[in-house]
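Good morning, and thank you for making time for this item.

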Amino acid sequence: MENGNASRGDDDVGVTRPRWRFSRPSGGTQLTAAGTMSIRAVLGRLNSSVDPSETRPVVRLANGDPTATACFQTAPEAEDAVVDALRSREHNGYSNSTGEPHARSAIAEYLSRDLPYQLSPDDIYLTSGCVQAVEIMISALAQPGANILLPKPGFPLYEARTMFSHLEDRHFDLIPERGWEVDLESVKALADDNTVAIVIINPGNPCGSVYSQDHLAQIAETAQELGIMIIADEVYAHLAFGDRPFIPMGVFAKIAPVITLGSISKRWLVPGWRLGWIAICDPDGILKEAKVDQSIQNYTNISTDPATFVQGAVPQMIANTKQEYFNKILGLLKNSADLLFSKIKDIRGITCPHKPEGSMFVMVKLDFAALDGFSDDVDFCCRLAKEESVLVMPGTALGMKNWSRITFAIDLPSLEDGLERMKSFCERHAKVEA
């Protein structure tokens, strides 16, 4: 700088131009790396692989938004609640940084139904979807030298946020042969004095698993032994349609403190409404003593919050949505999961080690000993998109190379069509036996 002006340089034709200093803003490298790891970035690559001349409809089995399908729509009571909130003219202003009191109170009561203790509204922090809840927790825990334990496979947002926040992540295994249970021995081997938390996703994204009460208790006991908190990602709470019921991790908060992340997105099928929460399940006050609640509060003070009219609708949504609606959605998911698990058995080169019991996804293994010409799972998924207009998520994006995640939250005819196309694709690329 000279006399307060940007320094200047001459180009090849002698014209003097400013020499700007912001070609790569601070944090650009981390932002680029984190951004390329996101689900949205992978979906963009898959979409760009689809042949534009293809006349068949694209079958989207890669992402977790079922609302494009007519059979997966929200409850009329939820729509009425939003309309009533809007027309009341009571929710047009700014919200409190932690959320509107009536919404926090309704969510505290809603979550407390399944817990052996009562949450208070002060335990609830409303967020712009569960994505922001993840962002807040990772940011609140990030400190020099700290690390966090993440599941493999898992949801890539966690790894992207830890990278961006300079929080070291360490990945523990989920065991497919045991219903994708946590490998607790690998957890113990990874943890050290700088480990601050372990992330547990139940019901499981991307695995479709639902953990038993005994396994959840074992996770809590392991966290207690290691002296770490549990971040329970329960965005798919109650979407359990197998033999095991959904049990919240907060049930075991007397053993180890739990921070629950959730939202209305999946159970009410409204991911675009962007309302989630952080719930502090800490009956013994361990997290409060460590001032974790203050860190969360401080982050919400410099962050955005959910639309106030959606917050205004929450109490009515929770109170009025009938159990018949939830049962209907569970029935649809179970039928789709059953179809997928049955059809996968007939596709050469693809195996499913565990029938999905919850959420909207399943992980399948790609056997490249039976398939010819693929370098890895990303190559497989991109070529499937190009040749068959079927989108499935490469496992590499979720921490599992040579696997793939498939969603079954789609209407049965489209799911069957997509699986038939996958079967044709695999038959066309099958290795010829000698």
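Let me begin with a cut-off: a residue is called buried when its relative accessible area is under 20%. Tyr110, at 8% relative accessibility, therefore counts as buried. Please bear in mind throughout that this is a predicted model.

Tyr110 belongs to helix H4, residues 101-112, whereas Trp268 sits in the loop between strands S10 and S11. The two are 158 residues apart, and the pair thus links distant parts of the chain. Trp268 is buried as well, with a relative accessible area of 2%. Ring pairs extend this contact into a cluster made up of Tyr110, Trp268, Trp277, Tyr325 and Phe326. In total, the structure holds twelve aromatic pairs.

I turn now to strand S5, residues 147-152. Is this strand largely enclosed or open? Five of its six residues are buried, so the rest of the structure largely encloses it. S5 pairs with strand S6, residues 168-175, in the parallel sense over six bridges. Within that pairing, Leu150 stands opposite His171. Between the two strands the chain passes through helix H6, residues 156-164, and this β-α-β crossover is right-handed. S5 also runs parallel to strand S8, residues 195-201, to which three bridges join it. Here Leu149 has Ile198 as its bridge partner.

Helix H6 brings us to the largest pocket. About 890 Å³ of space lies in this pocket. Its lining comprises 31 residues, and those nearest the centre are Ile39, Arg40, Val131, Phe155 and Leu157. Helices H1, H2, H5 and H6 are the elements that give two or more residues to the lining. Which of them gives the most? That is H6, with five residues. By class, the lining has 17 nonpolar residues, seven polar and seven charged.

A separate sheet also deserves mention. Four strands form an open sheet in the order S12-S13-S16-S15, with antiparallel pairing. Its edge strands, S12 (350-351) and S15 (393-394), each pair on one side only. S15 is joined to S16, residues 403-407, by two bridges, and Pro394 has Ser404 as its partner there.

Finally, some backbone details. As a general point, most residues other than glycine have a negative phi, and most peptide bonds are trans. Where does this model depart from that pattern? A cis peptide bond joins Lys152 and Pro153, with omega about 5°; Pro153 lies in the loop between S5 and H6. Another cis bond joins Asn202 and Pro203, where omega is about -10°, and Pro203 is placed in the loop between S8 and helix H8.

Positive phi values occur too. Arg274, in the loop between S10 and S11, has phi near 55° and is partly exposed, at 29% relative accessible area. Lys291 has a positive phi of about 65°. It lies in the loop between helices H9 and H10 and is partly exposed, at 46% relative accessibility.

That concludes the tour, and I am glad to take questions.

Conventions: Residues numbered from 1 in each chain as written. Predicted model: local features only at pLDDT ≥ 70, side-chain atom pairs only at ≥ 80, totals over all residues. Heavy atoms only, no water. Buried < 20%, exposed > 50% of the residue type's maximum accessible area, 1.4 Å probe, protein only. Pairing = 2+ DSSP bridges. Right-handed = clockwise from strand over helix to strand, strands pointing away. 1 Å grid on protein atoms, 1.4 Å probe; cavity = no way out; pocket = protein on both sides within 12 Å on 5 of 7 lines; lining within 4 Å. Points joined across faces, edges and corners; volume = space filled by probe spheres on them. Nonpolar A, V, L, I, M, F, W, Y, C, P; charged D, E, K, R; others polar. Phe/Tyr/Trp six-rings, centres within 6.5 Å; stacked < 30°, edge-to-face > 60°.
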